[in-house]
Number of protein chains: 2
Amino acid sequence: MEELYAVIMAGGQGTRFWPFSRRAQPKQFLPIISDKTMLEETIARVQPLVPPSRILTVANQEQTNQIRRLCPELSEENLLVEPQGKNTAPSLLLATATLYLRHPQAIVAALPADHLIADVERFQNKLIAAAAAARQTGHLITFGIPPTFPATGYGYIQFKQPPLYKIQGESFYEVAQFKEKPDLETALQFLQAGHFFWNSGMFIWQAETFARELAEAAPEMYNYWEQIILALQSEDFSKIAAIFEEIPAISIDYALMEKASRVLMTRGDFGWSDVGSWSSLLEVWPADEQGNAVRGKGLLLESSGCLLFSPHKFVALIGVKDLVVIDTPDALLICHKEQDQKVREVVKHLHQTGKKELL
Amino acid sequence: MEELYAVIMAGGQGTRFWPFSRRAQPKQFLPIISDKTMLEETIARVQPLVPPSRILTVANQEQTNQIRRLCPELSEENLLVEPQGKNTAPSLLLATATLYLRHPQAIVAALPADHLIADVERFQNKLIAAAAAARQTGHLITFGIPPTFPATGYGYIQFKQPPLYKIQGESFYEVAQFKEKPDLETALQFLQAGHFFWNSGMFIWQAETFARELAEAAPEMYNYWEQIILALQSEDFSKIAAIFEEIPAISIDYALMEKASRVLMTRGDFGWSDVGSWSSLLEVWPADEQGNAVRGKGLLLESSGCLLFSPHKFVALIGVKDLVVIDTPDALLICHKEQDQKVREVVKHLHQTGKKELL
């Protein structure tokens, strides 16, 4: 499909993979899943459908320098620089406006640079179908992930059955409502109800559809859209910088998806994970019979359920269970796998105590 | 007391403090208790009673080089070199024979270099009393440690009540029997019976008493004693080396104490610990309210009962319990505190897999 463009959102900062991830090296720039960075994996996943000339990235200046090194096949004009990180709505306004000016019928697949997709072929087929649906129906399209547990860490998409469209063998459901991250009780209700899927944060839309929905449902943001269009036409980056000073730092979900009237959801059942924390890798890295997933040099005695990452140092684990152990040259994390979200508190502590060299 | 000599047994090899201890740096050469090595602590403990001219060490050549660096106050003739490590009996034959030749009435306090004694003043008083008892009674004297739990890792000394002697305010009990390390059931019986104390491995004897008891109770070892005396008189170190080739590698407990008829025990209630493993330091290092004992740079969140040693690297512990964490530049140990005796298996594995650089 010639008008399909991939916009890779690579601007995330993330602290949940400390100490391996640092300010200058967030998750998308780390080889966490394989020996390639997640960004490279993400690009490789769309390459069979989209040539490099139609793959764009959005990130800050420093990150863009890294992208240039990692992905020399991307053309310079496709490396979009955000003057500052302001969540996904500003990034996607900038990227979609850029493509709108090149080609108003461009279909944009907005994809985070740091997600895992296990079944790549299935993902590719569904992406093609979603792009077709975006063009044929004039809707904003989103991938909903069939939930496997009552997660409280994701937003949910409530959708209406039966499907509104069937396109290239895929069902597209009208979205009733986007739901914020629920508490556990609500998440359990969602799971039982069956028509609440996780919001994957992956979206597909035609550039002109995006502009129209923004104008109708989010006039304040549409005002920024128009400013961005003018700034891009003037080719004056300082104008973009000025807009990014002002534009609210909000997610595209909150800025547009929740408010837009024409939104469709299709099933993202292709082995998706947002790899949100170290322990999520226990289901990704190959594990031994005791459920230990090891990358690096380790000797494990009477230990089970552990994730060990130690590329440099020999590590002996004895008689321990369900630990996440991450060794880097200047910092070591040892964490119960059910508490790995508290890594943020360590990062906060390092901020507060001025240990900048460990951030 | 002018004839009191201290013989510091510094030849141990020990693998239980891996990865901090290495072949070339066993426990006695490490600052595990304070910022001084255990050897230095041991020497400092006897210094007020015994001047450097009467402090001897026994160790192999390499270890003796380290002793020379650490303790320049010791005179060269007092640094006894064992041609090879053969357990405590050969070491103490060599040391006692050396002193016997200098002064047959010498009183020898044989002290391991790697024990902790919390109440130093009490220890010093009891050592003086034991030395007096050794001289006055012509017995071999041993410190028995009042047991605090049914330990299976120590030998026991069964003693007879009431005490046979009272010297300088201290009671000296006739030893009925030395008992090997018991199983748990037997250890419980010992604890209930009340007249079984732990064998501390610290002994006091007059040199000529030692020779006499050896001749009477252990004629085979007495034969080696006579050879050592001759070798020392000849000042030919190669003769000592030849004897050490042949002499059985046995403990002094097994070689002499268990067999001798004149053995007294006195209470070693001066806060003794043999610091037998990492977890034993949980009772030695200062701990926070959650029972965490930390040396080095650490941030502990919702963690308790952990021993953390990390002199170089920042370590974050989150949501973990009862862990021993030892970080060194090239190896890291993470171990449940109740399984720290399995550190030996790691060392064995390193041997078997040829990772000599980590030993």
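This is a predicted model: local features need pLDDT of at least 70, side-chain atom pairs count only at pLDDT 80 or more; totals for chains, interfaces and linings use all residues.
**Entry: symmetry.** A turn of 179 degrees with a shift of 0.0 Å along the axis does it, and the RMSD is 0.1 Å. That is how copies about a two-fold axis are related.

**Entry: the chain A and chain B interface.** I then looked up the contacts, taking C-beta atoms within 7 Å as the cut-off. On chain A, 27 residues touch 27 residues of chain B. Which elements of chain A each give at least two residues to that side? I found strands E13 (293–301), E14 (307–318), E15 (323–327) and E16 (331–336), along with helix H10 (343–352). Sorted by class, this side of chain A holds 17 nonpolar, four polar and six charged residues.

Entry: Five bridges join E16(A) to strand E14 (residues 307–318) of chain B, and the two run parallel. Within E14(B), Leu317(B) is the residue opposite Ile334(A).

**Entry: domains of chain A.** My last stop was inside chain A, which splits into domain 1 (4–273) and domain 2 (278–358). Their C-alpha centres are 30 Å apart. Ten residues of domain 1 of chain A contact 14 residues of domain 2 of chain A. What is the class make-up of the domain 1 side of chain A that touches domain 2? I noted seven nonpolar residues, two polar and one charged there.

Methods. Residues are numbered from 1 along each chain as its sequence is written. Chains are lettered from A and ligands numbered from 1 in the order in which they are written. Copies are superposed by least squares on the C-alpha atoms of residues with pLDDT of at least 70 in both. Two residues are in contact if their C-beta atoms, placed from the backbone, lie within 7 Å. Helices (H or I, at least four residues) and strands (E, at least two) are DSSP runs, numbered from the N terminus. Ala, Val, Leu, Ile, Met, Phe, Trp, Tyr, Cys and Pro count as nonpolar, Asp, Glu, Lys and Arg as charged, and the others, Gly among them, as polar. Two strands pair if DSSP finds at least two bridges between them. Domain bounds come from an automatic or database domain assignment.
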